[in-house]
Amino acid sequence: MLPLIGELFAETGWARTSLDRIAVGTGPGSFTGIRVGIALAKGIGIGLDRPVLGIGSLKAMCRCVPGDLTGPRCAVLDGRREELFVGVYGMEGAELEAPRIVARNAAHPLAALRDSGVLLGEVLESLPSLRAFRSELTDLPHAVGVALAGAESAEADAPAEPFYLRLVDAIPSGAGSPVSSKQAR
């Protein structure tokens with residue numbers, strides 16, 4: 001990752017010291033990806049003596065909705081296990097409904113937003129009754145949304161800590177029962 005970041009600075013002509021803060025995605029999402037991303041961002045923050053802000057995946061998706069689309073923004077990610085991760089944010093980024101898990105096959109509250117708000121997420125393609133706004137920046141969490149939300153967030157309101165909606169399970173080799181990540185340490 002560090003060589004890619006170095007290439008990015010070379011391409012843009014920016015100096016590392018020109019950064020005011022570092023923003024990083026905190027989840028929900030891939031357990032390993034979130035932890036690696038946060039560790040890298042914190043390392044860069046320490047090296048540059050810059051604050052590191054954590055931005056949730058669902059908030060980042062909502063931040064990339066064009067301003068001419070009005071109403072609340074409801075971001076949806078595939079949570080696997082026949083579940084969806086859902087969060088609702090206002091046009092200015094305020095959290096209206098905290099991120100939560102919704103059963104994929106349940107009659108969930110997303111239908112209520114169909115006409116009054118903006119539904120986001122490529123996973124909605126598999127739910128034909130729900131029409132979603134689709135774009136490269138809103139189908140999944142994108143670095144642009146993390147950066148925009150990070151630039152607008154107060155440091156105290158954006159801790160760079162992993163955000164999980166469910167415990168992570170690991171199955172030790174040869175064992176048949178799941179072990180939580182806390183037990184596995």
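Which residues are buried in helix α5? In this predicted model, where residues are numbered from 1 along each chain as its sequence is written, local features need pLDDT of at least 70, side-chain atom pairs count only at pLDDT 80 or more, and totals for chains, interfaces and linings use all residues. Side-chain values use heavy atoms, with hydrogens and water left out.

Helix α5 spans residues 143-152, and G145, V146, A149 and G150 are its buried members (buried: under 20% relative accessible area; exposed: over 50%; partly exposed: in between; 1.4 Å probe, protein chains only). Viewed down the axis of α5, these residues fall within an arc of 130 degrees, so they line one face of the helix; the arc is taken from the directions from the helix axis to the C-beta atoms. The exposed residues A143 and A151 sit on the face turned away from the buried side. Helices (H or I, at least four residues) and strands (E, at least two) are DSSP runs, numbered from the N terminus. The buried residues of α5 pack against β1 (22-27), β2 (52-56) and α3 (57-63), contact meaning heavy atoms within 4.5 Å.

Turning to the sheet, four strands form an open, mixed arrangement in the order β5-β4-β3-β6, where pairing requires at least two DSSP bridges between two strands. Strands β5 (95-103) and β6 (118-120) stand at the edges with a single partner each, so one side of each lacks a neighbour in the sheet. Strand β3 (residues 73-80) runs parallel to β6, joined by three bridges, and A75 stands opposite L120 in β6.
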